[in-house]
Amino acid sequence: MKVAILGAGAWGTALGVLLASKGIPVALWARRKEQVEAMRAMRENRDYLPGVALPAYLQPTHDPEEALMGAELAVVALPSKALFTLEGLPLAPWYLSATKGLFFQEGEVLTPSQVIRGLTGRPVAALSGPNHAEEVARFLPTASVAAGPKALADRVQELFGGPTFRVYTSGDLRGVEVGGAVKNVLALAAGMVDGLRLGDNAKAALLTRGLKEMVRFGTALGGEEATFYGLSGLGDLLATAYSLHSRNRGAGERLVRGEEMARLEDRGVVEGLYAVKAMVAWGKEAGVELPIAEAVHGVAYGGLDPLKALQALMAREPKPE
């Protein structure tokens with residue numbers, strides 16, 4: 001039995017380390033040949049996960065055919081904007097999305113599993129939760145959710161579960177994926193609060209109302225309300241909005257301190273910057289209020305002063321909670 005991991009960033013590498021440490025053969029596919037050569041030579045992914053040794057059962061490769069040959073499961077750990085590079089690659093029987101993003105096409109919000117299923121025609125599940133790669137790869141206690149067709153979700157639970165990585169299953173694939181994407185948008189907003197030094201009260205209020213916005217958006221798209229109060233919703237939101245590891249929280253902080261948009265991704269893809277476009281575009285078309293997402297979008301893309309965005313949120317019409 002073999003697992004192919006497509007994408008050798010921090011998260012893909014951490015998942016590979018997790019599986020290989022259990023004696024499961026893992027092929028870690030990277031698009032850059034020089035990255036593969038460096039990982040093979042140093043047995044470490046110094047570009048994205050420095051200080052973590054690659055187990056013997058983990059083999060980096062630049063060849064997609066080598067990676068996918070004989071693989072029972074392909075784990076897609078690519079940035080959302082790179083998912084379409086899967087087109088034309090050899091196929092695996094089952095796929096697991098480890099990507100957190102949203103797309104808006106022809107009036108419809110698409111999740112990564114929908115894109116992967118459209119490109120491969122194979123069953124797809126998703127793995128999501130408060131899972132910072134740096135901690136998973138160092139075997140710190142973590143919990144996650146595998147959502148999708150029952151047989152596939154159960155298999156993912158069996159493969160990835162262990163003493164430091166507890167995996168729950170869910171049939172709400174839509175809700176799990178939407179929660180994982182929206183929390184990145186809310187983490188951008190939380191970073192903006194941090195960057196402006198607005199205090200704990202403001203951040204707590206933002207995240208509480210942000211969770212309500214996540215539920216409103218997610219249930220309108222077909223997710224189950226309870227899902228958003230679980231690991232893939234509230235749990236992931238807390239980890240991402242408060243952690244120093246969080247790329248999205250850090251990007252929000254850097255943005256309000258005057259850093260240029262072009263530099264925000266010098267440490268990796270900031271998925272919230274893409275998900276917020278899909279949220280706002282859909283919200284306008286569907287007539288659903290998403291005030292926090294709209295404020296983040298305005299600051300990131302519309303030149304809106306973040307303090308004015310805050311004032312607009314505070315000045316909204318009073319109403320019951």
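Leucine 58 touches Thr13, Gly16, Val17, Ala20, Val26, Leu28 and Arg43, leaving aside residues up to four places away in sequence; contact here means heavy atoms within 4.5 Å. This is a predicted model, where local features need pLDDT of at least 70, side-chain atom pairs count only at pLDDT 80 or more, and totals for chains, interfaces and linings use all residues. Residues are numbered from 1 along each chain as its sequence is written, and side-chain values use heavy atoms, with hydrogens and water left out.

Let's stay with leucine 58 for a moment. You'll find leucine 58 in strand S5 (residues 58–61); helices (H or I, at least four residues) and strands (E, at least two) are DSSP runs, numbered from the N terminus. With a relative accessible area of 0%, leucine 58 is buried. For the terms, buried means under 20% relative accessible area, exposed over 50%, and partly exposed in between, using a 1.4 Å probe and protein chains only. Glycine 101 sits 43 residues from leucine 58 along the chain, and their C-alpha atoms are 27 Å apart.

Now for the charged side chains. Side chains of opposite charge can pair when their charged atoms come close. Searching the whole structure turns up 16 salt bridges, each a side-chain nitrogen of Lys or Arg within 4 Å of a carboxyl oxygen of Asp or Glu.

Lysine 150 counts as exposed because its relative accessibility is 63%, while aspartate 154, at 28%, is partly exposed.

Next, have a look at arginine 249 and aspartate 194, whose side chains form a salt bridge at 3.0 Å, N to O. This pair links distant parts of the chain, with arginine 249 in helix H10 (residues 247–256) and aspartate 194 in helix H7 (residues 173–196), 55 residues apart. Arginine 249 has 8% relative accessibility, so it counts as buried, whereas aspartate 194 is partly exposed at 23%.

Helix H10 comes up again with arginine 254, which bridges to aspartate 266 at 3.1 Å, N to O. Aspartate 266 lies in the loop between H10 and helix H11 (272–286), twelve residues from arginine 254, and this pair too links distant parts of the chain. Arginine 254 is buried at 11%, and aspartate 266 is partly exposed at 46%. Finally, salt bridges with shared partners tie Asp194, Lys203, Arg249, Glu253 and Arg257 into one network.
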